[in-house]
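Dear colleague,

I am passing on the model we discussed, and I would be grateful if you could look through it alongside the notes below. Please read them with the structure open.

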Amino acid sequence: MKNKIINIIEDSILIKKEIVKNQIPIILKITKTIEDCFKKNGKLILCGNGGSASDAQHLAAEFVGRFQKERRGLPAISLTTNTSTLTALSNDYGYDIVFSRQIEALANKNDIVIGISTSGKAKNVIQAIKIAKKNRIKTIALTGGNGGELARISDISLVVPSNITARIQETHILIGHIICELVENNLFK
């Protein structure tokens, strides 16, 4: 058991070292894009399934509430939190459109849609990004593995170099926290 714990932690560290080595420019680009969105009175709209839904909710809460600084709330919405909307859309149209229909209803030109999927293959997240792009709304993907279709169609994609869902999710939330801290520090000096 001790060796298993060590192996898991060391694997997580290796993935994060790869992020440091190869993806700092992407993190900076995402940060700048989000800052610009807020400066133009836009909002972040996040979506994902399962653990990625939790990450979407977590990051939206960090922006609306606070990360480390006392400051005004920043507009961020997770599309996974309204069960009436999710169940009505799933029942009436099918689960693949639960996010894209909400994007259609809620997103504006200065907003950013962030799709989170560890595989990059979640159909409903891909549909959300497609609708956002059709409406000329900026898109960001947080994925893993080879990035899947989600990484290929998004304006900015950060692909965690792992095929292990838990390691990808751990890295997504780390990156999300880094972005929250940078945005907060840059907008509220």
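**The sheet and its surroundings**

Strand β1 (residues 44–48) is mostly covered, five of its five residues being buried, where buried means under 20% relative accessible area, exposed over 50% and partly exposed in between, with a 1.4 Å probe and protein chains only. This is a predicted model, in which local features need pLDDT of at least 70 and side-chain atom pairs count only at pLDDT 80 or more, while totals for chains, interfaces and linings use all residues. Residues are numbered from 1 along each chain as its sequence is written, and side-chain values use heavy atoms, with hydrogens and water left out. Helices (H or I, at least four residues) and strands (E, at least two) are DSSP runs, numbered from the N terminus.

The cover on β1 extends to both of its faces, with L44, L46 and G48 buried on one side and I45 and C47 buried on the other. The strand belongs to an open sheet of five strands in the order β2-β1-β3-β4-β5, with parallel pairing, two strands being paired if DSSP finds at least two bridges between them. At the edges stand β2 (76–78) and β5, each with a single partner strand, so one side of each is left without a neighbour in the sheet. Neighbouring strands of this sheet are turned against each other by 15 degrees on average, direction ignored; axes here are lines fitted to C-alpha atoms, for helices over the stretch in contact, and angles run from 0 to 180 degrees between N-to-C directions.

On one side, β1 is joined to β2 by three bridges, and the two strands run parallel; L44 has A76 as its bridge partner in β2. Together with helix α3 (residues 51–64), β1 and β2 make a right-handed β-α-β unit, a crossover being right-handed if, with the strands pointing away from the viewer, the path from the first strand over the helix to the second runs clockwise. With strand β3 (residues 112–116), β1 pairs in the parallel sense over five bridges, and among the partners in β3 are V113 for I45 and G115 for C47. Helix α2 (residues 24–39) packs on the sheet, touching β1, β3, β4 and β5, and its direction makes about 140 degrees with that of β5; contact means heavy atoms within 4.5 Å.

Further along the sheet, strand β4 (residues 138–144) and β5 pair in the parallel sense over five bridges, with S157 in β5 as the bridge partner of A141. The chain crosses from β4 through helix α7 (residues 148–153) to β5, and this β-α-β crossover is right-handed. Although β5 is an edge strand, four of the five residues in β5 (residues 156–160) are buried, so this strand is largely enclosed by the rest of the structure.

T139 lies in strand β4 and, at 0% relative accessibility, counts as buried. Not counting residues up to four places away in sequence, T139 touches V113, I129, A132, K133, I153, S154, D155 and I156.

L79 is placed in the loop between β2 and α4 (83–93), and its relative accessibility of 1% makes it count as buried. With residues up to four places away again left out, L79 touches I45, L46 and C47, and also L86, F99, Q102, I103 and L106.

R71 sits in the loop between α3 and β2 and also counts as buried, at 13% relative accessibility. Leaving aside neighbours within four places in sequence, R71 is in contact with E62, F63, V64, G65, R66, E184 and F188. The C-alpha atoms of R71 and F188 are separated by 7.1 Å, although these residues are 117 apart along the chain.

**A helix pair**

The axes of helix α1 (residues 2–22) and helix α8 (residues 165–187) come within 10 Å and cross at roughly 50 degrees. That makes α1 oblique to α8, given that angles under 35 degrees count as roughly parallel, over 145 as roughly antiparallel, 65 to 115 as roughly perpendicular and the rest as oblique.

With kind regards
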